[in-house]
Amino acid sequence: MSTDSIPKVGLLRTHIGSALRRARIAQGQTLRQLSREASVSLGYLSEIERGQKEASSELLASICHALSLSIPNLLVEVSRSISGSLEDLSHASTISPRPTLAPTLAIISRENTSVSDALNIEDAA
């Protein structure tokens with residue numbers, strides 16, 4: 001499937017890659033260091049950070065572990081990034097903007113999976 005018609009701001013992998021890169025840089029790690037710690041090739045990790053490749057859930061868990069970053073916290077950052085992109089697009093539109101919906105995602109911890117313990121990212125942002 002071609003992604004030529006999909007705006008880059010709409011690709012989840014772009015937001016995930018950017019969030020991972022920001023976390024890595026904030027920790028002062030090089031791409032090579034993270035690559036070794038997460039047991040992923042340097043080239044593939046670079047492609048993930050640039051949004052050119054999708055990380056599997058296992059690979060994402062490994063990268064997050066190497067960054068000491070929980071997946072729920074990563075997803076909160078990704079949600080904020082997507083929300084900001086949607087707002088930017090609606091403000092830049094010359095056609096009357098459609099109402100945008102804030103992305104919502106329920107995260108349930110493995111230890112306690114009751115629905116009442118779900119975290120709504122919209123509330124956390």
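Which pattern does the protein follow when read along the sequence? The pattern is α-α-α-α-α-β-β-α, and the secondary structure comes to six helices and two strands. Helices (H or I, at least four residues) and strands (E, at least two) are DSSP runs, numbered from the N terminus.

This is a predicted model, in which local features need pLDDT of at least 70 and side-chain atom pairs count only at pLDDT 80 or more, while totals for chains, interfaces and linings use all residues. Residues are numbered from 1 along each chain as its sequence is written, and side-chain values use heavy atoms, with hydrogens and water left out.

**Overall figures**

Of the 125 residues of the protein, 29% count as buried. Buried means under 20% relative accessible area, exposed over 50%, and partly exposed in between (1.4 Å probe, protein chains only). The protein exposes about 8,300 Å², of which carbon and sulfur atoms supply 54%; accessible areas come from the Shrake-Rupley method with a 1.4 Å probe, and for residues only the protein chains shown count as cover. Among contacts (heavy atoms within 4.5 Å) with a separation of 6 or more, 53% join residues 24 or more positions apart.

The largest nonpolar core has 18 residues, and Leu-20, Ile-63 and Leu-74 have the most contacts inside it. A nonpolar core is a set of buried Ala, Val, Leu, Ile, Met, Phe, Trp, Tyr and Cys residues joined through side-chain atoms within 4.5 Å. At least two residues of this core come from each of H1, H2, helix H3 (42–49), helix H4 (57–66) and helix H5 (71–92). H4 gives the most, with five residues. Leaving aside neighbours within four places in sequence, Leu-74 is in contact with Ile-16, Ala-19, Leu-20, Leu-60, Cys-64 and Leu-69.

The axes of H2 and H4 come within 8 Å and cross at roughly 120°. Axes are lines fitted to C-alpha atoms, for helices over the stretch in contact, and angles run from 0 to 180 degrees between N-to-C directions. Leu-34, Glu-37 and Ala-38 of H2 and Ser-62, Ile-63 and Ala-66 of H4 make the contact.

**The loop between H1 and H2**

Gln-29 sits in the loop between helix H1 (12–26) and helix H2 (31–38). Gln-29 counts as buried because its relative accessibility is 17%. Apart from neighbours within four places in sequence, Gln-29 is in contact with Arg-24, Leu-34, Ala-66 and Leu-67. Its side chain also makes a polar contact with the side chain of Gln-27 (3.0 Å). A polar contact is a pair of N or O atoms within 3.5 Å; within protein, one must be able to donate a hydrogen and the other to accept it, and residues adjacent in sequence count only if both atoms are side-chain atoms.

Gln-27 is found in the loop between H1 and H2. With a relative accessible area of 41%, Gln-27 is partly exposed. The C-alpha atoms of Gln-27 and Leu-67 are separated by 7.9 Å, although the two residues are 40 apart along the chain.

Most residues other than glycine have a negative phi.

| Residue | Loop | Phi | Relative accessibility |
|---|---|---|---|
| Ser-68 | Ser-68: between H4 and H5 | Ser-68: about 55° | Ser-68: 71%, exposed |
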